Each structure stands twice: as structure tokens, then as C-alpha cells.
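Trainee: I am new to this structure and would like a close look at a single part of it. Could you take me through the disulfides?

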Amino acid sequence: MRIHLLATLLVSVVCLSRTFAQSASITSGCAPLTVDFSAPAGQATFFWDFGNGANSTDAAPSTTFAEAGTYTVELRTSAGGDLVGSLTITVFTPPVVSLTVDTTRGCIPLDLQFTSTSTAPAGVNITGYNWVFGDGGSGSSAAPNHTYNTPGMYDVSLQVLTDQAGCNVTEIFPALVTVGGVQGVNFFTNPNPALVCDPPLTVGFINSTNPTGLTFDWNFGNGNTFTGIAPPNELYTEAGDYTVTLTASDSLGCTGERTRPVSILSPISCLNVPDTVCGEELVFYEPFALADEIVWEFPASSLQGIDELGRRWVIFTEPGINEVGLQLTNNTPITCVLDTTLLIWADTVNMELAADPTFTCENILTTDFSATSSSGAGFEWLSQNGDSIIGPMATFTYEHIDTLEFQMNNLTPFLTQLVATNPSGCRDTILHIDTIFTPNALFMPDVVSGCAPLTVDFEDYSASFSDILSYQYNYGDGNTAVFANDDNHSYTFTEPGEYEVVLDIVNANDCRDTSYVRLIEVGAPADIEFVY
């Protein structure tokens with residue numbers, strides 16, 4: 001009976017080993033899923049039923065599950081024989097890769113927002129994304145942003161990464177994005193440069209732009225236009241400076257442009273000089289004309305120089321009309337001399353500021369401001385607190401907050417800024433200072449304790465914005481003294497006790513302050529008896 005029981009146990013162990021010893025290279029993934037199987041060690045004969053209509057008698061077969069589903073793979077000793085063991089293979093449908101983009105057509109720089117709308121079946125989790133935008137750019141988020149800076153047609157690919165074997169799917173979206181943009185637009189004038197002393201001037205135009213897929217629009221700067229690659233010559237009959245603009249457009253409506261100047265010199269059009277400037281301000285003079293020699297003649301009262309960039313600057317110090325002489329000489333392609341006189345008006349703001357009051361010995365100062373200008377300027381007030389008021393009048397309140405009980409009072413200035421701008425755009429700024437100065441009563445005794453009678457010298461350290469007219473000491477023993485100056489003085493305490501001494505001051509602005517208390521301790525003399 002013991003032998004039979006031992007044999008039964010051995011058979012059970014063998015059966016359990018065979019049931020769970022066969023293995024698969026993978027047990028889940030997306031179709032088509034190829035799985036390699038291995039029989040348990042010691043197995044002599046094999047019959048595999050893969051559950052997908054296929055079977056094998058190999059020890060280590062493989063099969064491909066072409067359709068999604070759940071498959072039970074059985075290993076038997078032979079067809080219809082004993083079951084060695086079984087495995088479950090789960091096959092998923094691959095994820096569906098899809099995306100959205102805010103637009104697929106536009107001009108450079110084209111900034112696009114891509115979003116993955118891909119889906120995966122239950123049991124398959126999307127773990128990441130790989131984007132390729134077709135222009136060398138890439139991304140790894142679910143919703144990347146990408147900018148196209150070069151015209152062209154771009155394929156976009158999206159790879160969806162998952163946590164299941166064979167479920168990573170890549171989808172290519174051919175020619176998804178079309179980017180337009182016109183580059184390399186250029187033309188030349190004939191003559192070059194297009195510059196003469198006097199009208200008329202006939203100008204030819206040479207379009208050097210690659211015309212493939214483009215349309216061209218010309219604006220000659222004199223009211224005339226043309227559409228086409230090569231425009232006819234243009235006749236300019238009036239002196240002046242003209243800007244010729246060539247605009248090229250592609251099929252998406254994207255454009256690029258190039259400009260060239262045409263200049264027929266005249267006293268009015270040859271300079272970038274306004275007829276009104278602000279006096280005492282820096283003015284730069286840069287001629288539009290391509291002159292080989294430029295000679296200026298500024299008023300003797302003006303300041304002038306050349307900055308580090310080679311630009312001539314002038315400051316008109318005299319308000320009103322200033323005469324500026326100019327001679328331009330141009331030797332290319334022809335010698336052209338232009339003499340002219342420019343009348344420049346140097347404008348000023350001419351403003352005045354009034355404030356009342358400008359000083360207080362209180363902790364709060366409210367000042368009314370008013371401004372006037374003979375040049376019709378507008379006003380903007382800015383307080384030190386950051387408040388802003390537009391108009392000729394303003395009222396600001398400033399407060400000095402004393403956060404320390406024994407801090408010494410001091411002069412506290414407050415700045416108010418007034419900016420005036422006249423109709424010519426000239427500006428002037430005034431900074432006005434208002435002050436808060438609470439007087440500070442302060443004194444020091446030379447001793448603070450001793451025996452009666454105790455004489456104490458008091459020294460004044462008081463501070464005030466205006467003269468202090470009265471110093472009143474209260475000695476704490478019922479006596480007071482008033483002084484008109486800050487000279488040192490003495491006082492004698494005749495009786496023992498503790499005395500709180502304070503000082504009250506009044507200045508010329510009737511501002512008052514009381515010092516903090518100084519304690520004077522006066523003791524009785526010792527009563528000593530000698531016994532022999």
C-alpha cells in the first residue's frame with residue numbers, strides 16, 4: 001500500500017510539472033502576433049493545438065495569431081492524447097493612429113498645434129508618442145507645437161508607443177502640411193542708383209526673382225502700378241523721393257517684397273528733416289540722397305557734432321526760426337550739386353510749476369499743484385506714491401509713517417514729477433521737492449543718579465528744519481524752565497526721589513515736539529554715626 005501511494009505521488013508530480021512547464025515567448029500583444037513555444041524538459045512526443053486552426057508536432061514550434069482574440073494553446077502527448085498543459089494567449093487589435101492639426105496650409109513662419117487623437121483597445125495602454133514633422137523637426141508629447149520656417153509640402157508621421165508587444169504603430173500622413181512663402185525677391189533699377197538732379201527721369205526695372213509659381217505686383221511710388229514679371233519703363237516728372245515696391249505672391253497668398261529708391265533731388269525731398277524740432281534736444285540729420293559730399297551750415301548759436309556711428313547731430317539753443325544751409329554734391333552717376341536753405345523752428349515747452357504748501361512739520365502733507373505753459377502744453381503729474389493725474393492741476397498727499405517709537409525725526413523729501421508735452425511733441429520735466437520734517441526734541445544729562453543735592457548738566461541735541469524758538473524743561477519735581485537757545489544749563493535736585501525730565505520745543509513754524517523721558521534718581525545722603 002505504501003508503494004502504491006508513492007507511485008501515485010510521483011505521477012502527480014510529473015503531471016503537475018508537465019502542466020505548468022511549457023512556455024511561450026509572449027502571452028499578449030497585437031495582431032499579427034507571432035509566439036514561440038517550448039515544451040517542458042523530458043517531454044518525448046508533442047502535439048500542439050494553437051486554437052487558431054493550426055497545430056504542430058515540434059518540440060519548439062511558433063505560430064502567428066492574425067486576428068484579435070483570446071486563444072487557449074494546448075500541449076498533448078499526441079493528437080487526442082493526454083493533456084500536458086495549456087497557455088492563454090491574448091491578441092489585441094492594434095491601436096488606431098490619428099491626429100488633428102489647427103490648419104494644414106499657411107505661410108512661413110507657420111506655427112501649428114498638432115494633437116494625437118489615437119485610440120487603443122482595452123488592455124492596451126498608450127505610453128508615448130514620436131512625431132516626425134518632415135522638415136527635420138520632431139516631438140514626443142501628445143500635443144506638440146511646431147513651426148515651419150521653410151516653404152514646402154511636408155509628410156507628417158506619428159508613432160504611438162504602448163505597453164504591449166507588437167502594438168507600437170506608426171502612421172505616415174503624406175503631404176499633410178503645405179507651407180507657402182516667397183523668398184529671394186529682388187530687382188534692380190536702370191540707372192542704378194536711380195538718382196538725378198532734376199526731372200524728368202525714366203527708370204527701367206530688372207526682375208531677378210525666380211518666377212516659378214509666383215505672380216508679381218509693382219508699385220512705383222508715384223501712383224502708378226503694374227502686374228507682371230517685367231514692367232515697362234516708368235517716367236518720373238516731379239522732384240521727390242519715391243519708393244518702388246515689388247511684391248511677389250504664391251498660390252497660397254503668401255508674399256515677399258523688395259523695395260528700391262528713386263530720387264530726384266529737390267530742397268524739400270532730399271532730407272529727413274522736420275520743419276519743427278524741440279529746442280535743447282538732440283536732432284540727427286541724415287540725407288536720403290546718395291551724396292558724395294555733404295556740407296552743413298548751422299547757426300552759430302547751435303551745438304553740433306558727430307556720434308560714434310558717424311551721424312551728424314545738432315542742438316538748437318535758440319528758440320524760434322533757425323536757418324540751416326546745405327550743399328549736396330553727388331558724382332555718381334553724374335555730378336549733381338544742390339544748394340538749399342532749410343528753415344527749422346525750434347519749439348519750447350515754456351512751463352512753470354506752483355505748489356502750496358511745500359513744507360510741513362506734521363506727518364501728513366497735502367500739496368496743491370498747478371502748472372502753466374505759454375506753448376499750450378498738456379500736463380501729466382506723477383507722485384512719489386505712483387499716482388498719476390492728467391491736467392494742469394493736481395493734489396497729492398504724502399505721509400511719513402514713523403514705525404520706531406524712539407527713532408529720531410528727520411527731513412523726509414517727497415518728489416513730484418511734472419511732464420509737459422506741447423502740440424509739437426516737445427517735452428520738459430520738472431521735479432518738485434516737498435518736505436515733511438517733524439522737529440525732534442532731544443537732550444542728554446551728564447549724570448542720571450546721585451545723592452541729594454544733585455546738580456545735573458543738560459545738553460541739548462534737538463533738531464528742526466527751522467529755528468527752535470523755545471526750549472521748555474519740565475524737571476519732574478514741579479519746576480520748569482524756558483530757554484530761547486540750546487546752550488547747556490544746570491539744574492539741582494534738592495530732595496531725594498525719582499524725577500522724570502522731559503523737554504518741549506517749538507520752532508519758527510510753530511511745530512512742536514516732546515522728548516522722551518529721562519529718569520534722574522536722587523538718593524538721600526547716608527546717616528553715619530561713630531561710636532567710640
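Mentor: Start with the link between C30 and C167: the torsion about its S-S bond is about 100 degrees, so this disulfide is right-handed. The model is a predicted one. In it, the sulfur atoms of C30 and C167 are 1.8 Å apart. C30 belongs to strand β2 (residues 28–30), while C167 sits in the loop between β15 (152–162) and β16 (169–180), so the link ties together parts 137 residues apart in sequence. C30 has a relative accessible area of 1%, and because buried means under 20%, C30 is buried. C167 is buried too, at 0%.

The count of disulfides is three. Another one joins C107 to C254, with 1.8 Å from S to S. Here the torsion is about -95 degrees, so the disulfide is left-handed. C107 is in strand β10 (residues 105–107) and C254 in the loop between β23 (240–249) and β24 (255–264), so this pair connects parts 147 residues apart in sequence. C107 is partly exposed, with a relative accessible area of 30%, whereas C254 is buried at 2%.

There is also the disulfide of C278 and C426, with an S to S distance of 2.0 Å. With -100 degrees about the S-S bond, the link of C278 and C426 is left-handed. This pair links distant parts of the chain, 148 residues apart: C278 is in strand β25 (residues 276–278), and C426 is in the loop between β38 (412–421) and β39 (427–436). Both C278 and C426 are buried.

Definitions and conventions. Residues are numbered from 1 along each chain as its sequence is written. This is a predicted model: local features need pLDDT of at least 70, side-chain atom pairs count only at pLDDT 80 or more; totals for chains, interfaces and linings use all residues. Side-chain values use heavy atoms; hydrogens and water are left out. A disulfide is a pair of cysteine sulfur atoms within 2.5 Å. Helices (H or I, at least four residues) and strands (E, at least two) are DSSP runs, numbered from the N terminus. Buried means under 20% relative accessible area, exposed over 50%, partly exposed in between (1.4 Å probe, protein chains only).
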